[in-house]
Amino acid sequence: MQAKKRYFILLSAGSCLALLFYFGGLQFRASRSHSRREEHSGRNGLHHPSPDHFWPRFPDALRPFVPWDQLENEDSNVHISPRQKRDANSSIYKGKTCRMESCFDFTLCKKNGFKVYVYPQQKGEKIAESYQNILAAIEGSRFYTSDPSQACLFVLSLDTLDRDQLSPQYVHNLRSKVQSLHLWNNGRNHLIFNLYSGTWPDYTEDVGFDIGQAMLAKASISTENFRPNFDVSIPLFSKDHPRTGGERGFLKFNSIPPLRKYMLVFKGKRYLTGIGSDTRNALYHVHNGEDVVLLTTCKHGKDWQKHKDSRCDRDNTEYEKYDYREMLHNATFCLVPRGRRLGSFRFLEALQAACVPVMLSNGWELPFSEVINWNQAAVIGDERLLLQIPSTIRSIHQDKILALRQQTQFLWEAYFSSVEKIVLTTLEIIQDRIFKHISRNSLIWNKHPGGLFVLPQYSSYLGDFPYYYANLGLKPPSKFTAVIHAVTALVSQSQPVLKLLVAAAKSQYCAQIIVLWNCDKPLPAKHRWPATAVPVIVIEGESKVMSSRFLPYDNIVTDAVLSLDEDTVLSTTEVDFAFTVWQSFPERIVGYPARSHFWDNSKERWGYTSKWTNDYSMVLTGAAIYHKYYHYLYTHYLPASLKNMVDQLANCEDILMNFLVSAVTKLPPIKVTQKKQYKETMMGQTSRASRWADPDHFAQRQSCMNTFASWFGSMPLIHSQMRLDPVLFKDQVSILRKKYRDIERL
């Protein structure tokens, strides 16, 4: 009987195991079959829900308990720890793995190029001045489009800059406001700007709403939360930061040795409570009151005296002894320790002052780190090795210090001196990611004139730009193309335009001549043009406007362009000499007719003068040589508003070109040999075609100066007193010994 029981139990257990394996096998085969179907449907662009799709998902089994209403309320959970806040608001970090390849729709950019749409401002929504400046910079750029269907990138009109809940600039209920935007699409192809996030005492990097798949252009972002090739780290800038232009750097002379009164300086707050206090609390260990001056104060906040320590009174007294501006101007290195957040205003202040930043903010993703090599402009320190900082910077060679200081000035002026430059740099970085095949390399970003002025759409070869000949070991071009701007009918064989054409064609450096026919009269017959040894190409301007003389015509096959007005008087010798001078300064405008600008105190505006003095700031394009890349920049970089103004006035195009080139190079043009009896031949005063006959011509040029300066944000023109003459030009020696002997006779 016992044996039967045992057999029965064994049989039952075996049956159970058989059934278990049978149904388990079905489940296993079904899941494998489903996975194959899902893979197949994925290839065909279809999607079927999986069996477990209908079951609830619990993404984080270890998620701490938080009341549900608090999860939905972005204004709560202010005082929990950063880790808890990150976990509690895990929806905000769903896009932590986002990269351009996974969270950006490239197809939006393929059709219309890189265009940026700014949402219209909603009624009743307040926008801080800093964010208004950001939006204005985008809307004033060549990337802007008012048509969302043409856009590749979208920017919110809702102010997201200050997400500190204790700030008066904080925008409440931002989550629901963003989600209600009809183009939001879970943040895809959106860019969110942010300067401040988190609040006292934790100051986390949480911006307080679900950003979805949007990119962040964020200040004080940590390397832990920074998403490479997706987010953009931007500098922390104050509300007083200039919208456009901005001041130039403070480095006026490259003094050798490059040492100043102080070796290392810092002046700022010391935090008695909350985060951000450790590094600044320890600065007194390094301060010696001589060449290392590191000052902190406890005097900030309403209740600082409640938390004051034994050093506060002494620190506050020492703090008041020094003027911060004087320290900046007289220091070689400036300490940039973390504040409440990783970033600090001290960073941009040091850059502008040509004071080499010494970074003490472990884990901070430095601004524009994707393209800027900060080792060329800053010393990257470690907060844990604070006591070693003085000996480290004392060991840096003077040559290296000078190079670091020079690079701070380049970076400041190229990318950081205004809100507009910060915004445009952000957009250019994103554009380079989208169009990788023509993206700028590290040399372009880290060497003058910088990424904002070197447009990769022009060429992907550095040798096609005038700024890199020396770096590539290239010689400047040996030939030029003469472009003659013709606006009057050809009625006589003795007209100045024909004499000018012959003189230019005889130059040994002339490759071809292009006549831009902007005259209302029909093109002259071919036989009317003189026979020359070089090709003469006549192009009829389609719109016949002034800006058309600077279009990047495909017919211009040389890098050098000799720009000529039809009434200019130049000899072949003068053309040859000007070109040889240009070969030594290929990034500048080199030519003959010079003009100048000045500040009129009585009218509080810029003035324009054509008086002959030893000082000039412009060389007019009626007789000048420059690189043809400036045609491309003029056409594609400058806004339509300025070019339309030029075309409506039929004036000022030469001034605008000078503004552009000086803004790019930060250098004045080059004037060459002054003729003894030089005068610009004017067309008949009764000729309607001559702009020089217009009595309002000079007044218009005065007005243009101020409009251009307003758009550039500052006056880019630079005065010079240098004039280049041929060797032995005015020496009392035989004319036969002089290379450009014809110039002597003029």
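This is a predicted model: local features need pLDDT of at least 70, side-chain atom pairs count only at pLDDT 80 or more; totals for chains, interfaces and linings use all residues.

User: Which residue is the bridge partner of Phe266 in β9?

Analyst: That's Leu294.

User: What packs on the sheet there, touching β8 and β9?

Analyst: Helix α10, residues 312-319, and its direction makes about 120° with that of β9.

User: And in what order do the five strands of the open sheet run?

Analyst: The order is β9-β8-β10-β11-β12, with parallel pairing. β9 (292-297) and β12 (379-380) are at the edges with a single partner strand each, so one side of each has no neighbour in the sheet.

User: Which strands does α14 lie across?

Analyst: Helix α14 (398-416) lies across β10 and β11, running at about 90° to β11.

User: New topic: how do β18 and β19 pair?

Analyst: They're antiparallel, over five bridges. Trp599 has Trp606 in β19 as its bridge partner. The hairpin has four residues between the strands, and Glu604 takes a positive phi near 55° there.

User: Where's the cis peptide bond with omega near 5°?

Analyst: From His448 to Pro449. Pro449 is in the loop between α16 and α17.

User: What about Lys544, what's its phi?

Analyst: Near 55°, a positive value in a residue other than glycine. Lys544 sits in the loop between β15 and β16.

User: Why does Lys544 count as partly exposed?

Analyst: Because its relative accessibility is 25%, and partly exposed covers the range between under 20% (buried) and over 50% (exposed).

Note on methods. Residues are numbered from 1 along each chain as its sequence is written. Side-chain values use heavy atoms; hydrogens and water are left out. Two strands pair if DSSP finds at least two bridges between them. Helices (H or I, at least four residues) and strands (E, at least two) are DSSP runs, numbered from the N terminus. Contact means heavy atoms within 4.5 Å. Axes are lines fitted to C-alpha atoms, for helices over the stretch in contact, and angles run from 0 to 180 degrees between N-to-C directions. Buried means under 20% relative accessible area, exposed over 50%, partly exposed in between (1.4 Å probe, protein chains only).
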